[in-house]
Amino acid sequence: MSEYNYNYHDDNFSLDEAERYNLLIQIDKATFSYAITDQDKLVACADMHPLDELTNPQELLDLLSAKYKQVVVGLPANGFTLIPQSLFSQDHVTDFARFLDVQPGEKVSAQALDSHNTIIYKTDSTIINAAEEFGLRNSVFSSKGWIMAIAQNNPADHDLYLNLNESQVEIVAFKGNLLRFYNRFAFQNNDELTYFIALVVNELGLQPADVHIYLNGDIDTDDKRIEHLAEFFGQVQLNRLQIVQIPAEISAHQILSLAALSLCASSGAV
């Protein structure tokens, strides 16, 4: 695998125009990816930058210090729980956080995930400190935009959407355009991945042959996982949903979760 999965700058991209751009940053445990959009067009993106580049930028000093129209920072979660909006109260965040077994060096955040659910999640303090460089008011749960993007694309009740990141998979499902299921699993091989999907399918009361699976993230067109999953479920394909206009050399499924953070900027949902 190469050091970078994607690294793109439009020929017309210029930091002199930063005030009209949105900067999207998606943080992982030790690295981060960024994308810059001009309205609904991707003008720059790259992944696999070390986390300390956010707090002490060297290579990206000019890019990260520019004044943008809006910045959105997606924060990863060491653990999370969903609370219905009707039950959530900011005064009781500490009580809800007890479900997360918060450890020293972790901080808890609570944000609306959609109009019906609040997500309470914990993140390493070092990552929170890095995000503070851009203002914590500009931070969201890392997969919020991805979930929003799928919800806006009229998902069918038998569709499962998977976001793959190395040995982790996020699975989301909807019913009547409302969030029905969201969870994350760690897996070591194709069999474990299949097992967790089957577990979700069973919990949702679906038949494997009726399930359509849409994959994005750390996966390629010829990935053997696609063929493997197709042996058990009705339809398996890459998620080619595009949130912004992207160039031909960038794969839509690979950048979907990052690009979808733009929805958090345009909706004011930060």
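1. How many of the residues of strand 4 (residues 41-50) are buried? The count is 7 of 10, and the strand is mostly covered. Buried stands for under 20% relative accessible area, exposed for over 50%, and partly exposed for what lies in between, with a 1.4 Å probe and protein chains only. Strands (E, at least two residues) and helices (H or I, at least four) are DSSP runs, numbered from the N terminus.

2. A note on the source. The model is predicted, with pLDDT of at least 70 needed for local features and 80 or more for side-chain atom pairs, while totals for chains, interfaces and linings use all residues. Residues are numbered from 1 along each chain as its sequence is written, and side-chain values use heavy atoms, leaving out hydrogens and water.

3. Strand 4 has two partners to look at; strands pair if DSSP finds at least two bridges between them. With strand 1 (residues 7-9) strand 4 pairs in the antiparallel sense over 3 bridges, and Y8 stands opposite C45. Strand 3 (residues 31-38) also runs antiparallel to strand 4, joined to it by 7 bridges. Here A35 has C45 as its bridge partner. The hairpin of strand 3 and strand 4 has 2 residues between the strands, and Q39 takes a positive phi near 60° there.

4. Next, T123, which lies in strand 8 (residues 117-124). T123 counts as buried because its relative accessibility is 1%. Leaving aside residues up to four places away in sequence, T123 touches L75, P76, A77, N78, G105, E106, K107 and I128, where contact means heavy atoms within 4.5 Å. The side chain of T123 reaches the backbone oxygen of P76 at 2.7 Å. From T123 to D91 the separation is 32 residues in sequence and 20 Å in space, C-alpha to C-alpha.

5. The structure holds 10 aromatic pairs. Rings of Phe, Tyr and Trp (its six-membered ring) pair if their centres lie within 6.5 Å; planes under 30 degrees apart count as stacked, over 60 as edge-to-face and the rest as tilted. F88 and F96 are stacked, because their ring centres are 6.2 Å apart and their planes are at 20°. Both of these residues, F88 and F96, are buried.

6. Y161 and Y214 are also stacked, because their ring centres are 5.2 Å apart and their planes are at 20°. This pair links distant parts of the chain, 53 residues apart: Y161 is in strand 10 (residues 159-165) and Y214 in strand 13 (residues 212-217). Y161 is buried with a relative accessible area of 6%, and Y214 counts as buried at 16%. Elsewhere, F80, Y121, F141 and Y182 form one aromatic cluster.

7. The largest pocket holds about 970 Å³ of space. On a 1 Å grid over the protein atoms alone, a pocket is an open set of points with protein on both sides within 12 Å along at least five of seven lines, and lining residues have an atom within 4 Å of a point. The lining has 37 residues, of which I27, D28, L164, N165 and E166 lie nearest the centre of the pocket. Among the elements that give two or more residues to this lining are strand 3, strand 4, strand 10 and strand 13.

8. Which element gives the most to the lining of the largest pocket? Helix 8 does, with 4 residues. Helix 8 (residues 252-259) is mostly covered, with 8 of its 8 residues buried.

How values were computed:
A polar contact is a pair of N or O atoms within 3.5 Å; within protein, one must be able to donate a hydrogen and the other to accept it, and residues adjacent in sequence count only if both atoms are side-chain atoms. On a 1 Å grid over the protein atoms alone, a cavity is a set of points where a 1.4 Å probe fits but cannot get out, and a pocket is an open set with protein on both sides within 12 Å along at least five of seven lines; lining residues have an atom within 4 Å of a point. Grid points are joined across faces, edges and corners, and a volume is the space filled by probe spheres set on the points.
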